[in-house]
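These are my notebook entries on one structure. I list what I looked up, entry by entry.

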Amino acid sequence: MDLYEHQARELFAKHGIVVPRAEVTDSAKEAREIARRLGGPVVVKAQVRTGGRGKAGGVRFAADPAAAELTARRILGTDIKGHTVGTVMLAEPVDVEQELYVSYVLDRAAGRFLAIASAQGGMDIEEVAARRPEAVARVPVDPAEGVTSSKAAEIAEAAGLPARTVDVLVRLWEVLVHEDALLVEVNPLVRTAQGAVVALDGKVTLDDNARFRHSRWGDQDTAHDDPLEAAAAARGLHYVRLDGEVGVIGNGAGLVMSTLDVVARSGARPADFLDIGGGASARVMADGLSVILSDPAVRSVLVNVFGGITACDAVADGIVRALEAVPLTKPLVVRLDGNNAARGRAILAEYAHPLVRQATTMDGAARRAAELATAG
Ligand code: GDP
Ligand code: MN
């Protein structure tokens, strides 16, 4: 679960990391009041769960409370990279001397964490990482040892961060551990003209598997920015919206991932990612299809299922019953393989829906779905 910036900064503050004074609102009128409380000039920041807000016009300076109201009105309700701005945060401006980058991220492949840090933080960090990788230090962190003062000093040294960041690096690790996060990122962490180290922005991804330990997380769960993602989550489906035209349904994250790759190689782009998991029942299939068909960007749907514990004839039955419940409005390509594949294919062949086509291989299915999505 990704947190909003204002939630991330709360966690930082709780663990003793300095953040600017700030308040959140969904009303432009109230923004004026908040600016007055904060002393006049403010930075108005769109609260959306995506990065790059600065470059997209979602972070703006306002010189006084009247300007804060106008600026909040201008940002609220706009779209930032597919996310509608529902609230803004108004923060006391900080006199920035230097922008730094620090993060801890789980390195699944290595079975440990990675500290990533740079003395050249800010909005161009991706470019810095791509063009001058030597300016971005990557230091492995053993989860059992964590980030002690000496480890923090090692990270700061490797990245060329000022010595004052050592304490912040230790506290940021405490945020990761105590809040059960998989990612904590501060960009920019700034050195102010007065010599303080302040977290100006924050990104935190909490580990959903630790939910049972945090009763406070409950209400944030359904706060999906994307209405289709919210609808899918409400039905217990793992759905992620992408920006292409082929709707992809598969069972198991690995199969779905490789299906996305094969679709991309066939000359189309996946519109989404829906993992129906192990139990591809009629109900799950119907829910999944209705979510995907309601996305206007989808021009064809590809169902790629490898029957294991759930046999292909059960999946085919599920598709047939789903199509009885959800009228098919776009072509559907189905590839069934594995356990009871022949029986599954026979069920679909007999059903003979004019918009349903079958393919025997994953490549063939992806090619067909890509053709259907890009034709005309
Ligand atoms: P992002 O673009 O979504 O990462 O949003 P940020 O919160 O990181 O803001 C973008 C940029 O705005 C930062 O990199 C800073 O350069 C600048 N910025 C944000 N808040 C302040 C502030 O209080 N003072 C100053 N001087 N710059 C700020
Ligand atoms: Mn940032």
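Conventions. This is a predicted model, in which local features need pLDDT of at least 70 and side-chain atom pairs count only at pLDDT 80 or more, while totals for chains, interfaces and linings use all residues. Residues are numbered from 1 along each chain as its sequence is written, chains are lettered from A and ligands numbered from 1 in the order in which they are written, and side-chain values use heavy atoms, with hydrogens and water left out.

Overall. I looked up the extent: the C-alpha trace spans about 75 × 50 × 40 Å along its principal axes. The protein has 376 residues, of which 50% count as buried; buried is under 20% relative accessible area, exposed over 50%, and partly exposed in between (1.4 Å probe, protein chains only). The division is into domain 1 (21–91), domain 2 (96–215) and domain 3 (227–375), with bounds from an automatic or database domain assignment. I find 39 Å between the C-alpha centres of domain 2 and domain 3.

Ligand 1. I list 17 residues around ligand 1, the closest being Lys45, Arg53, Gly54, Val94 and Glu99; a residue is near if one of its heavy atoms lies within 4 Å. By class, the shell holds eight nonpolar, four polar and five charged residues. Here Ala, Val, Leu, Ile, Met, Phe, Trp, Tyr, Cys and Pro are nonpolar, Asp, Glu, Lys and Arg charged, and the others, Gly among them, polar. Domain 1 and domain 2 each give at least three residues to this shell. At least two come from each of strand 2 (42–46), strand 7 (96–107) and strand 10 (181–192).

For polar contacts to the ligand I use pairs of N or O atoms within 3.5 Å. Oxygen atoms of ligand 1 lie 2.4 Å from a polar side-chain atom of glutamate 99, 2.6 Å from one of lysine 45 and 3.4 Å from a polar backbone atom of glycine 52. Ligand 1 alone exposes 560 Å², and the protein buries 82% of that (Shrake-Rupley method, 1.4 Å probe).

Ligand 2. Which residues coordinate the manganese ion? Asn187 (O) and Asp201 (OD) do, at 2.2 Å. Asparagine 187 is in strand 10 and aspartate 201 is 14 residues away, in the loop between strand 11 (197–199) and strand 12 (203–206). Donors are N, O and S atoms within 2.8 Å of the metal (3.2 Å for Na, K and Ca); water is not among the atoms, so sites may look incomplete. Asparagine 187 counts as buried because its relative accessibility is 12%. I also note a cis peptide bond between asparagine 187 and proline 188, with omega about 5°.

Backbone angles. Lysine 81 and alanine 352 are not glycines, yet lysine 81 has a positive phi of about 50°, and alanine 352 likewise has a positive phi of about 50°. Lysine 81 sits in the loop between strand 4 (79–80) and strand 5 (83–84) and is exposed, at 52%. Alanine 352 sits in the loop between helix 11 (341–351) and strand 18 (356–359) and is exposed, at 55%.

Methods: A polar contact is a pair of N or O atoms within 3.5 Å; within protein, one must be able to donate a hydrogen and the other to accept it, and residues adjacent in sequence count only if both atoms are side-chain atoms. Helices (H or I, at least four residues) and strands (E, at least two) are DSSP runs, numbered from the N terminus.
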